[in-house]
Amino acid sequence: MIIPEKPRKSWPDSFRITNSLLVVRDPVRAVIEELDPGKHQFFPVAFQTKRGKEIEGQWFVMFVHAKQDSIIMERSRINKSISAPDKLNSFYSSTTSKDIVVAPARQSGLNLWSEQKFRRSLLGSDELMARLDEEKLSFYPKAFRATDLSDIS
């Protein structure tokens, strides 16, 4: 059961909660499941206020187990750990710049995946993001889209 600390008038279609768990509404789950059937896990969860009132919609905790090595490191903005330089902790992105470059040739046909080098990362294909946009669904993270790079394999 999910009980938010603060009330809201409306809730986004997806968001992260404690321990970086991703929660999605059913329309988001349906699009992801259509594009990547059986690749990810969705567990129904009750979502209600502190007073016990159900928050409208069917909600799921989502686990993305699919991983691939698709980021082109030398073309991306990367935050390397100072204490462990051989480990990669995070990457940067924004909706207006190409901070993360992903090579489609390195992908294995997935539309949603975690990057192997980064903890708690989540990337989505252009197709997934376009479908979510068509349905007017918000999704985390909106900025991480594949870039077509024909010169990189």
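Arg-29 lies over the face of Phe-60, with 5.3 Å to the ring centre. The model is predicted.

**Charges over rings**
- Besides Arg-29 over Phe-60, Arg-8 lies over the face of Trp-11, at 5.1 Å from the ring centre.

**Aromatic pairs**
- The count of aromatic pairs comes to seven.
- In one of them, Trp-11 and Phe-15 have ring centres 5.5 Å apart and planes at 40°, so the pair is tilted.
- Phe-15 counts as buried, because its relative accessibility is 12% and the cut-off is under 20%.
- Phe-47 and Trp-59 form an edge-to-face pair, 4.9 Å centre to centre with 80° between the planes.
- Trp-11, Phe-15, Phe-47 and Trp-59 together form one aromatic cluster.

**Helix α1**
- The buried residues of α1 (residues 26–35) are Val-28, Val-31, Ile-32 and Leu-35.
- Seen down the helix axis, the buried residues of α1 fall within an arc of 95°, so they line one face of the helix.
- Their cover includes the strands β2 (21–25), β3 (41–45), β4 (59–63) and β8 (112–115), along with α2.

**Lys-136**
- Lys-136 is in the segment after α2 (126–134).
- Its phi is near 60°, a positive value in a residue other than glycine.
- Most residues other than glycine have a negative phi.
- Lys-136 is exposed, with a relative accessible area of 72%.

Notes. Residues numbered from 1 in each chain as written. Predicted model: local features only at pLDDT ≥ 70, side-chain atom pairs only at ≥ 80, totals over all residues. Heavy atoms only, no water. Helix = DSSP H or I, 4+ residues; strand = E, 2+ residues; numbered from the N terminus. Buried < 20%, exposed > 50% of the residue type's maximum accessible area, 1.4 Å probe, protein only. Arc of directions from axis to C-beta. Contact = heavy atoms within 4.5 Å. Phe/Tyr/Trp six-rings, centres within 6.5 Å; stacked < 30°, edge-to-face > 60°. Lys NZ or Arg CZ within 6 Å of the ring centre and 35° of its normal.
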